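I wanted to look up a few things in this structure and keep short notes. Here is what I went through, entry by entry.

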Amino acid sequence: MFYRPEDGHGLPHNPFNAIVTPRPIGWISSRSPDGVNNLAPYSFFNAVAYTPPQVMFASTSSKPDQQGTKDSVANIEATGVFCVNVVSYALRDAMNASSGALPKDVDEFAHAGLEAADCKTIACSRVAAAPAALECKLTQIVTLPGEANKVVFGEVTGVHMRDDCLRDGTFDVTAFQPLARLGYRDYSVVRDLFSLSRPGD
């Protein structure tokens, strides 16, 4: 099969998200200028640089109560900071609860039944139960082609890791089993690992 996206795929559902998988989930927390905590998962997310450490996430839709974007991007534009919370298998239902298009004055931490903890380097909350969290300061927001496509880049200014996820000096993902986003309504969970050495290692 071959199709041009501009012509449509002719399938019951768009296969694009099912092709680009698995994708890590950036559970982005931010705070509005009025002090309302926001929390939302984004599956167009990844790390993009080591030194200094940097991450990105993309927002691809808008809400009626925000001008051409979603709460996360609007808050980050206004405050210049955000936090990336890692989603464990145990937090899957809370993550899903925070994915709804709630009014901008609703605290998604409270809506999802999550305890919020203060970040140390930025004025923002993080998910206290998350296995890891990356405090970030905004470096740039890039507008992409399309109606509401924006990519947010941030430099990591602080790193939280739960002590029970550190084993023999490594951050062990099997200790918390991170979620990954697939296509359609599907997710996966990381439980099995294998290693490969690069040529010349």
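I looked up arginine 23 and found its bridge partner in S13, arginine 181. This is a predicted model, so I kept its limits in mind: local features need pLDDT of at least 70, side-chain atom pairs count only at pLDDT 80 or more, and totals for chains, interfaces and linings use all residues. Residues are numbered from 1 along each chain as its sequence is written, and side-chain values use heavy atoms, with hydrogens and water left out. Helices (H or I, at least four residues) and strands (E, at least two) are DSSP runs, numbered from the N terminus. Two strands pair if DSSP finds at least two bridges between them. S1 and S13 (residues 179–181) pair antiparallel over 2 bridges. I then traced the whole open sheet: 3 strands, antiparallel, in the order S1-S13-S14. S1 (23–24) and S14 (187–189) are the edges, each with a single partner strand, so one side of each has no neighbour in the sheet.

Entry two, a hairpin. I counted 6 bridges between S2 and S3, which run antiparallel. Serine 30 sits opposite asparagine 38 of S3. The hairpin has 5 residues between its strands, and glycine 35 there has a positive phi near 90°. Is S3 mostly covered or mostly open? It is mostly covered, with 5 of its 6 residues buried. Buried means under 20% relative accessible area, exposed over 50%, and partly exposed in between, with a 1.4 Å probe and protein chains only.

I checked H2 (residues 71–79) and noted Asp71, Ser72, Val73, Ala74, Asn75 and Ile76 as buried. What do the buried residues of H2 pack against? They pack against strands S2, S3, S5, S6, S9 and S10. Contact here means heavy atoms within 4.5 Å. Glycine 80 follows H2, and its phi is positive, near 80°.

I needed the terms before the numbers. On a 1 Å grid over the protein atoms alone, a pocket is an open set of points with protein on both sides within 12 Å along at least five of seven lines, and a cavity is a set where a 1.4 Å probe fits but cannot get out; lining residues have an atom within 4 Å of a point. Grid points are joined across faces, edges and corners, and a volume is the space filled by probe spheres set on the points. The largest pocket has a volume of about 960 Å³. It has 36 lining residues, and the closest to its centre are Pro41, Ser43, Thr60, Lys70 and Arg181. S3 gives the most to this lining, with 4 residues. The lining of the largest pocket divides into 14 nonpolar, 15 polar and 7 charged residues. Ala, Val, Leu, Ile, Met, Phe, Trp, Tyr, Cys and Pro count as nonpolar, Asp, Glu, Lys and Arg as charged, and the others, Gly among them, as polar. The second largest pocket holds about 620 Å³. Its lining has 21 nonpolar, 3 polar and no charged residues.

I found 0 disulfides. A disulfide is a pair of cysteine sulfur atoms within 2.5 Å. The sulfur of cysteine 83 lies 4.0 Å from its closest cysteine sulfur, in cysteine 119, too far for a bond. Cysteine 83 counts as buried, at 0% relative accessibility.
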